[in-house]
Amino acid sequence: MRSNTPVSTQEASPRVKVVGVELLSDNWYVLKKTTFDYLRRDGSWQRQSRETYDRGNGAVLLLFNASRNTVVLTRQFRFPTFVNGNADGMMVEACAGLLDGDDPETCIRREAAEETGFQIRNARKLFEAYMSPGSVTEKLHFFAAAYEAADQLSQGGGHVHEGEDIEVIELTLPDALAQIGTGTIQDGKTIMLLQHAALVGLGKLA
């Protein structure tokens, strides 16, 4: 789905004056080149240009079971990593997806059902973060939700017509953290959630 994320204009900040916007691509998501004047700290204006890739905002969820000290993650093929050194292109990730017009909690409930088969009972918002602020507009909403085995109503796996072939995996939190160190888990949003869980404890995520 195309993004509807608003683009900042000069009205958003007196330090930014947009001069021009060039649409470079609108094939899948939106790539633009924007020229603007920026007011530096020394009081001088500097003309700059930046490319921004707008794929919309998203949400990500860490499913956890505090009593068993486990988390549910996914494994799937990610072509951009395949062309940048990831030999098989497979990535272990927390369940996530684009908002596509939904609010963040609705999005993460939808994605959890589609990708993992789990029905979410209570999702807790943890924080928000821009994942690649130098070039990508996307903001991610981070959630955590407790699960029990009975909450898995289907096998998940994603949508075949969207090219998804998602494996659902369950790990102990120590094992998942160890996989960060070995390089098995290299996804930024997933690392953030796992390290947050390790910092506060799974029992306090509920």
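This is a predicted model: local features need pLDDT of at least 70, side-chain atom pairs count only at pLDDT 80 or more; totals for chains, interfaces and linings use all residues.
Figure 1. Leaving aside neighbours within four places in sequence, threonine 190 is in contact with Leu73, Val92, Glu93, Ala94 and Ile185. Seen from leucine 73, the list of contacts, not counting residues up to four places away in sequence, is Leu62, Val92, Glu93, Ala94, Glu167, Val168, Ile169, Leu171, Ile185 and Thr190.

**Figure 2. The nonpolar cores.** The largest nonpolar core has 23 residues, of which Leu62, Val71, Leu73 and Leu194 touch the most other members. Two or more residues of this core come from each of E4, E5, strand E9 (139-146), strand E10 (167-172), helix H3 (173-182) and helix H4 (188-200). Another core lies apart from it and has 15 residues, among them Ala59, Leu61, Ala112 and Phe118.

**Figure 3. Aromatic pairs.** A pair of aromatic rings is described by the distance of the centres and the angle of the planes. The count of aromatic pairs comes to seven. In the pair of tryptophan 28 and tyrosine 29, the ring centres are 5.8 Å apart and the planes stand at 70°, so the pair is edge-to-face. Tryptophan 28 is exposed, because its relative accessible area is 58%, whereas tyrosine 29, at 11% relative accessibility, counts as buried. Phenylalanine 118 and tyrosine 147 also form an edge-to-face pair, with 5.2 Å from centre to centre and 70° between the planes. This pair links distant parts of the chain, 29 residues apart: phenylalanine 118 is in the loop between H2 and strand E8 (123-130), and tyrosine 147 is in the loop between E9 and E10. Both phenylalanine 118 and tyrosine 147 are buried. Trp28, Tyr29 and Tyr53 form one aromatic cluster.

**Figure 4. Salt bridges.** The structure holds 13 salt bridges. In the bridge between arginine 68 and glutamate 170, the closest N and O atoms are 2.8 Å apart. The two residues are 102 residues apart and link distant parts of the chain, with arginine 68 in the loop between E4 and E5 and glutamate 170 in strand E10. Arginine 68 has a relative accessible area of 45% and is therefore partly exposed; glutamate 170, at 41% relative accessibility, also counts as partly exposed.

Glutamate 111 bridges to arginine 110, with the closest N and O atoms 3.2 Å apart. Glutamate 111 counts as buried at 8% relative accessibility, while arginine 110 is partly exposed, with a relative accessible area of 21%. What separates the two classes here is the cut-off: buried means under 20% relative accessible area.

Lysine 139 and glutamate 128 form a salt bridge whose closest N and O atoms are 3.5 Å apart. The pair links distant parts of the chain, 11 residues apart, with lysine 139 in strand E9 and glutamate 128 in strand E8. Lysine 139 counts as partly exposed at 23% relative accessibility, and glutamate 128 counts as partly exposed at 41%. A network of salt bridges links Arg78, Glu93, Asp187 and Lys189. Glu93 of this network is also among the contacts of threonine 190.

**Figure 5. Two residues with positive phi.** Asparagine 69 has a phi near 60°, a positive value in a residue other than glycine. Asparagine 69 is found in the loop between strand E4 (58-65) and strand E5 (70-77). With a relative accessible area of 30%, asparagine 69 is partly exposed. Aspartate 100, likewise a residue other than glycine, has a positive phi near 50°. Its place is the loop between strand E7 (95-98) and helix H2 (104-116). Aspartate 100 counts as partly exposed at 36% relative accessibility.

**Figure 6. A nonpolar surface patch.** Phe77, Phe79, Phe82 and Val83 make a nonpolar surface patch of about 410 Å². Phenylalanine 79, one of these residues, lies in helix H1, which covers residues 79-82. Its relative accessibility is 49%, so phenylalanine 79 counts as partly exposed.

Notes
Residues are numbered from 1 along each chain as its sequence is written. Side-chain values use heavy atoms; hydrogens and water are left out. Patches are made of residues with over 30% relative accessible area and no salt bridge: like charges are joined within 9 Å, nonpolar side chains (Val, Leu, Ile, Met, Phe, Trp, Tyr) within 5 Å. Accessible areas come from the Shrake-Rupley method with a 1.4 Å probe; for residues, only the protein chains shown count as cover. A salt bridge is a side-chain nitrogen of Lys or Arg within 4 Å of a carboxyl oxygen of Asp or Glu. Helices (H or I, at least four residues) and strands (E, at least two) are DSSP runs, numbered from the N terminus. Buried means under 20% relative accessible area, exposed over 50%, partly exposed in between (1.4 Å probe, protein chains only). A nonpolar core is a set of buried Ala, Val, Leu, Ile, Met, Phe, Trp, Tyr and Cys residues joined through side-chain atoms within 4.5 Å. Contact means heavy atoms within 4.5 Å. Rings of Phe, Tyr and Trp (its six-membered ring) pair if their centres lie within 6.5 Å; planes under 30 degrees apart count as stacked, over 60 as edge-to-face and the rest as tilted.
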